[in-house]
Amino acid sequence: MAKLYFKYGAMGSSKSAQALITKFNYEELGMSVWLIKPSVDDRDGADIVRSRIGLQAVAQVITPEQSIREAYFAAGRHDVIISDESQFFTPEQIEELRALVDNEDVPVLCFGLRTDFLTHFFPGSQRLMELADSITEIKTVCSCGKKATVNARIDANGRIITQGDQVFLGGNDSYVAMCHKCWRDKIAQQNGYGDLLV
């Protein structure tokens, strides 16, 4: 029986690489994979899913206004759906993925971030946390050696940014994965405080 999977991690945790490896594994077994991504993520090209280690594949781009269900049927039936940067899908689109699992018995594997640079849920991620049958954390580490859970947004001088739009595309030049304590401590240090309650 098919399931809805949410595999999340902080920036740099190899989410895209794992999505592409999973795609390869299914295809090696002769199965058809529908790889999708939200149109918001156009860093590597509108229809490219690319990992930091160099893996890449062409994906179908889904706009916020688009019905994933309709796009799935228009693309032709597939054995599995894999989505990258799933946090950028709308809650309604996540519900459509859930319906494809339930009604079409198609496994859906969603890879993405859980929270933004201020540790708040992305709407798509929140809906995935509510609806997924399986939730797995893809772990990465902070520079201090602890598990990184925060996607710290940084400026050109390496200072942590604590204001701005929820969506800001960038890579290693714009984000650093940190543990919560290091993130809090660095913000406090920048602001001249001894401690910061966040």
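Buried residues are those with under 20% relative accessible area, exposed ones have over 50%, and partly exposed ones fall in between (1.4 Å probe, protein chains only). The model discussed here is predicted, with local features requiring pLDDT of at least 70, side-chain atom pairs counted only at pLDDT 80 or more, and totals for chains, interfaces and linings using all residues. Residues are numbered from 1 along each chain as its sequence is written, and side-chain values use heavy atoms, with hydrogens and water left out.

We turn to the aromatic rings. Rings of Phe, Tyr and Trp (its six-membered ring) are paired if their centres lie within 6.5 Å, with planes under 30 degrees apart called stacked, over 60 edge-to-face and the rest tilted. By this rule there are four aromatic pairs. Y72 and F73 make an edge-to-face pair, because their ring centres are 5.3 Å apart and their planes stand at 70°. Y72 is buried, at a relative accessible area of 1%, whereas F73 is partly exposed, at 39%. The pair of F88 and F122 is also edge-to-face, since the centres lie 5.6 Å apart and the planes are at 85°. F88 sits in the loop between β6 (80–83) and α3 (91–104) and F122 in the loop between β7 (108–112) and α4 (123–131), so this pair ties together parts 34 residues apart in sequence; helices (H or I, at least four residues) and strands (E, at least two) are DSSP runs numbered from the N terminus. Both partners are buried, F88 with a relative accessible area of 14% and F122 with 4%.

Contact means heavy atoms within 4.5 Å; beyond its neighbours within four places in sequence, W34 touches residues including Q60, I62, A71, H78 and V80.

W34 also belongs to the largest nonpolar core, which has 22 residues and in which L4, W34, I36, I68, I81 and L97 have the most contacts. Such a core is a set of buried Ala, Val, Leu, Ile, Met, Phe, Trp, Tyr and Cys residues joined through side-chain atoms within 4.5 Å. At least two core residues come from each of β1 (4–8), β2 (33–38), α2 (68–75), α3, β7 and α4, and α3 gives the largest share, four residues.

Finally, the axes of α3 and α4 come within 8 Å and cross at roughly 35° (lines fitted to C-alpha atoms, for helices over the stretch in contact, with angles from 0 to 180 degrees between N-to-C directions). This contact involves P91, I94, E95 and R98 of α3 and P123, G124, R127, L128 and L131 of α4.
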